Protein chains: 2
Amino acid sequence: MSKTLKLIAGADEGAAPNETKPRKGSVEERMYHEIYDAIMEHRLPPRTKLTEHSLCEIYATARHTVRKVLARLAADGMVDLEPNRGAFIASPSTDEAHDMFELRQMLERAVLEKLAAQRNVRSVIAPVRQMVQQERQAFLNNERPKWIRLSAEFHTALAELSGNALLVTMMRRLVSRTTLMIASVEAPGNNACSFDEHEAILDALEQGDAALAQSRMAHHLGACADRVQPDDPGSFDLRSVLGRST
Amino acid sequence: MSKTLKLIAGADEGAAPNETKPRKGSVEERMYHEIYDAIMEHRLPPRTKLTEHSLCEIYATARHTVRKVLARLAADGMVDLEPNRGAFIASPSTDEAHDMFELRQMLERAVLEKLAAQRNVRSVIAPVRQMVQQERQAFLNNERPKWIRLSAEFHTALAELSGNALLVTMMRRLVSRTTLMIASVEAPGNNACSFDEHEAILDALEQGDAALAQSRMAHHLGACADRVQPDDPGSFDLRSVLGRST
DNA sequence: AACCAAATAATTGTCAACAATTTTTGGATC
DNA sequence: GATCCAAAAATTGTTGACAATTATTTGGTT
């Protein structure tokens with residue numbers, strides 16, 4: 001008996017942090033990634049309740065497994081766990097939003113500085129250039145979920161080039177949460193995270209101009225931060241979004 | 001039937017991240033904080049195994065509770081959870097060590113920049129000055145656990161002054177893990193984290209010289225990072241370290 | 001019709017028994 | 001004495017049932 005609610009179509013794929021133990025093809029892993037991606041691509045809107053029973057049915061698994069997944073997602077900051085009330089898709093406050101963007105400013109600034117110092121910047125960031133191409137393409141093709149994911153991955157990709165594994169994990173969580181939040185205010189023609197700005201940053205990087213790259217990144221993040229407002233609830237059919245890959 | 005092993009005395013107290021649900025005085029909360037502090041103060045050395053049964057006996061609670069605590073500590077990076085093998089006090093590799101210190105460099109640099117920009121720096125950092133006093137006192141009194149904790153709290157205290165809650169949480173985890181790691185190489189006369197250097201940083205800050213403060217912080221962290229090596233196992237009696245507050 | 005309280009249903013939290021895995025033990029063999 | 005192998009013990013992982021809490025419905029009163 002699952003709730004009957006609205007629907008948001010979409011295909012899954014993509015990466016998520018929280019590197020843990022379960023073997024690759026396990027149900028737990030699949031559930032974790034599917035929910036993670038669904039949140040990231042905003043097919044599961046903030047404040048949506050994830051009841052354990054529903055997830056048990058969808059993934060045909062025991063409650064124990066569901067609870068582990070929810071705990072992991074809570075550790076990632078993607079869902080809030082309210083005692084005796086259940087798990088809800090996170091909905092960061094505007095205060096948290098401010099902190100998140102400030103932290104990203106600090107980290108991404110440092111990343112750019114480290115990258116610009118390298119000799120062969122051009123070849124190093126080449127794959128990122130390609131990603132931005134895909135990002136533009138996805139936008140033009142109106143593949144919204146894919147576009148959202150790619151515009152987030154731009155930032156984690158840069159972090160990965162820094163070679164600091166810890167920083168990558170941290171950045172990935174930050175980017176995920178900011179993406180989740182920005183998705184709250186999705187308007188039809190809203191270019192939340194422009195690929196043009198992404199390319200401008202890469203340009204500055206290739207010229208070895210760290211300061212310019214940083215300033216452009218600051219502007220870019222600032223623009224994203226400006227689009228932050230609370231969100232309204234809404235009901236959805238979990239089954240229509242999750243667990244369709246088997 | 002608890003293991004019979006070596007012993008390291010010490011009193012607990014102090015703060016830990018992972019702000020979650022359980023009510024304040026619960027067994028779960030007590031267990032979490034006691035283990036956290038014991039790790040921080042290096043009364044529980046890296047690679048020590050935490051068997052669920054032992055913790056059940058020590059805290060007279062169900063396995064369920066123990067597992068939740070271990071999961072939280074794992075999310076903090078304080079223990080490693082090996083599938084079907086159990087929970088072990090974390091023992092960061094030298095690679096991780098490098099990443100950790102690099103990340104701290106990035107964040108603490110940004111914190112100092114933000115603090116130095118404030119008008120009334122002197123009054124803002126006054127409480128931190130006092131903390132460093134206590135730190136020196138603890139060292140002179142040979143209160144090693146207290147001293148270790150205070151020298152770690154210096155860094156989290158600065159982060160708190162920045163007013164960014166997310167950054168505080170992040171910094172706290174980083175500092176905890178670096179402290180855990182530095183503790184691995186504790187030699188008798190080893191001043192891992194000097195209060196003199198802490199004071200020098202505050203001095204620069206009071207003069208409004210952000211660059212000097214940053215350079216001193218960089219030197220300070222660099223000095224800490226230099227003392228990093230693997231560690232050997234060792235056996236301990238959990239009961240003698242944990243669960244003595246009731 | 002609107003409101004409140006009690007009863008009912010649904011959901012989450014906890015516990016104890018069972019299953020699967022790993023570690024230890026005790027010989028047997030070379 | 002060291003090495004290998006199988007049985008036993010110890011430890012972790014999972015399942016299901018029950019308890020506690022929260023949400024919803026029901027029925028009556030004004």
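**The sheet of chain B**

Begin by selecting the strands of chain B in this predicted model: three of them form an open sheet in the order E1-E3-E2, with antiparallel pairing. Strand E1 (49–50) and strand E2 (79–82) of chain B are the edge strands; each has a single partner strand, so one side of each is left without a neighbour in the sheet.

Which residue of E3(B) is the bridge partner of Leu81(B)? Labelling the pair shows that the partner is Ala87(B).

**The annotated span of chain A**

Now move to chain A and select residues 25–92, which an unreviewed UniProt entry lists as "domain: HTH gntR-type".

**The relation between the chains**

Display both chains together. Chain B superposes on chain A by a rotation of 180 degrees, with 0.0 Å of shift along the axis and an RMSD of 0.0 Å. That is the relation of a two-fold axis.

**The interface**

Select the residues at which the chains touch: 18 residues of chain B are in contact with 18 residues of chain A. On the side of chain B that touches chain A, helix H3 (63–76), helix H4 (94–116) and H7 each supply at least two residues. H4(B) provides the largest share, eight residues. Colouring this side of chain B by class gives 13 nonpolar, one polar and four charged residues. Of the interface residues of chain B, 100% are also interface residues in chain A, so the copies meet through the same surface.

**A helix pair across the interface**

For the last stop, select helix H4 (residues 94–116) of chain A with helix H7 (residues 165–182) of chain B. How do their axes cross? The axes come within 7 Å and cross at roughly 55 degrees. That angle makes H4(A) oblique to H7(B).

Show the side chains at this crossing. From H4(A), Glu96(A), Asp99(A), Met100(A) and Leu103(A) take part, and they meet Ala165(B), Leu166(B) and Leu167(B) of H7(B). By class, the contact of H4(A) with H7(B) comprises five nonpolar and two charged residues, with no polar ones.

How values were computed
Residues numbered from 1 in each chain as written. Chains lettered and ligands numbered in written order. Predicted model: local features only at pLDDT ≥ 70, side-chain atom pairs only at ≥ 80, totals over all residues. UniProt positions renumbered as here; feature names shortened; annotations may be inferred. Axes fitted to C-alpha atoms, helices over the stretch in contact; angles between N-to-C directions. Helix = DSSP H or I, 4+ residues; strand = E, 2+ residues; numbered from the N terminus. Parallel < 35°, antiparallel > 145°, perpendicular 65-115°, else oblique. Contact = placed C-beta atoms within 7 Å. Nonpolar A, V, L, I, M, F, W, Y, C, P; charged D, E, K, R; others polar. Least-squares fit on C-alpha atoms with pLDDT ≥ 70 in both. Pairing = 2+ DSSP bridges.
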